[in-house]
Amino acid sequence: KSANPQWREQFDFHYFSDRKDMLDIEVWRKDNKKHEELLGTCQVDITALPMKQTNCLELPLEKHPGSLLMLIAVAPCTGVSISDLCVCPLGDSSERQQISQRYSIKNSFRDIKDVGFLQVKVLKAVDLLAADFAGKSDPFCVLELGNDSLQTHTVYKNLNPEWNKVFTFPIKDIHDVLEVTVFDEDGDKPPDFLGKVAIPLLSV
């Protein structure tokens, strides 16, 4: 019940500089659980923003009254990576030894924000739900940690997909929960939910 809402939420997106992506933003209003209405949209050209500084932007909503006030910072990404299983990071013993020293007790207070990192190997799924009429699915897997989100490629027409990908996340809060969700790609439509598992970091 507000025409001037304040959210004060931060989201991290992994942006690769060789792509010319636009950041698409939509504002919606919800009357109840069933009724939603689009209040406006706007776009931000990421490539036009200066690097390594926080940009304060007031963005008018297209074809609708109102505007959005946002802070957007484009900065080099540290700690996040996606790789194939055959070139898995941390596979080298000397690299593992460096990391052990970096997070040893004597170095605990060297960088307070460097809590650690999580490496996840997404190998395969077995006996997934068939979401298509042909008795198959087009599954892909999404990993979310806090507001970080990474995903695998889609394996088409397969209920037992193999992804063999390695994902590395920086940890910002040791109380976060890793959420792993499998979806069925459905063309231009929203993907279908195939299953989910939640893993608290403290259980690892």
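**A short tour: rings, a sheet and a loop**

Hi everyone, let me start with the aromatic rings: F140, F183 and F193 are linked into a cluster by ring pairs. Before I go on, please keep in mind that this is a predicted model.

How many aromatic pairs does the structure hold? There are three of them. Now, a word on how we talk about such pairs. A pair of aromatic rings is described by the distance of the centres and the angle of the planes. For F183 and F193, the centres are 6.4 Å apart and the planes stand at 75° to each other, an edge-to-face pair. Where do these two residues sit? F183 belongs to strand β10, residues 177-186, while F193 belongs to strand β11, residues 189-200. Ten residues separate them, and the pair links distant parts of the chain.

Is F193 buried or exposed? F193 counts as exposed, because its relative accessibility is 52% and the cut-off for exposed is over 50%.

Let's move to a sheet. Strands of a sheet pair through backbone hydrogen bonds, either parallel or antiparallel. Here we have an open sheet of three strands, in the order β5-β9-β6, and the pairing is antiparallel. At the edges are β5, residues 81-84, and β6, residues 116-124, each of which pairs on one side only. From one strand to the next, the twist averages 20°.

If you have the structure open, have a look at β5 and β9. Strand β9 covers residues 162-171, and four bridges join β5 to this antiparallel partner.

Next stop, a loop. A125 lies between β6 and β7, the latter being residues 139-145. Why does A125 count as buried? Its relative accessible area is 10%, and buried means under 20%. Which residues is A125 in contact with, leaving aside its neighbours within four places in sequence? The answer is L159, N160, P161 and W163. L71, by comparison, is 54 residues from A125 in sequence, and the C-alpha atoms of the two are 39 Å apart in space.

Finally, the record. In an unreviewed entry, UniProt lists residues 1-59 and 93-204 for "domain: C2". In the model, residues 93-204 are 9% helix and 46% strand, and the C-alpha atoms at the two ends of that span lie 21 Å apart.

Notes:
Residues are numbered from 1 along each chain as its sequence is written. This is a predicted model: local features need pLDDT of at least 70, side-chain atom pairs count only at pLDDT 80 or more; totals for chains, interfaces and linings use all residues. Side-chain values use heavy atoms; hydrogens and water are left out. Rings of Phe, Tyr and Trp (its six-membered ring) pair if their centres lie within 6.5 Å; planes under 30 degrees apart count as stacked, over 60 as edge-to-face and the rest as tilted. Buried means under 20% relative accessible area, exposed over 50%, partly exposed in between (1.4 Å probe, protein chains only). Two strands pair if DSSP finds at least two bridges between them. Axes are lines fitted to C-alpha atoms, for helices over the stretch in contact, and angles run from 0 to 180 degrees between N-to-C directions. UniProt positions are given in the numbering used here, feature names are shortened, and annotations may be inferred rather than shown by experiment. Contact means heavy atoms within 4.5 Å.
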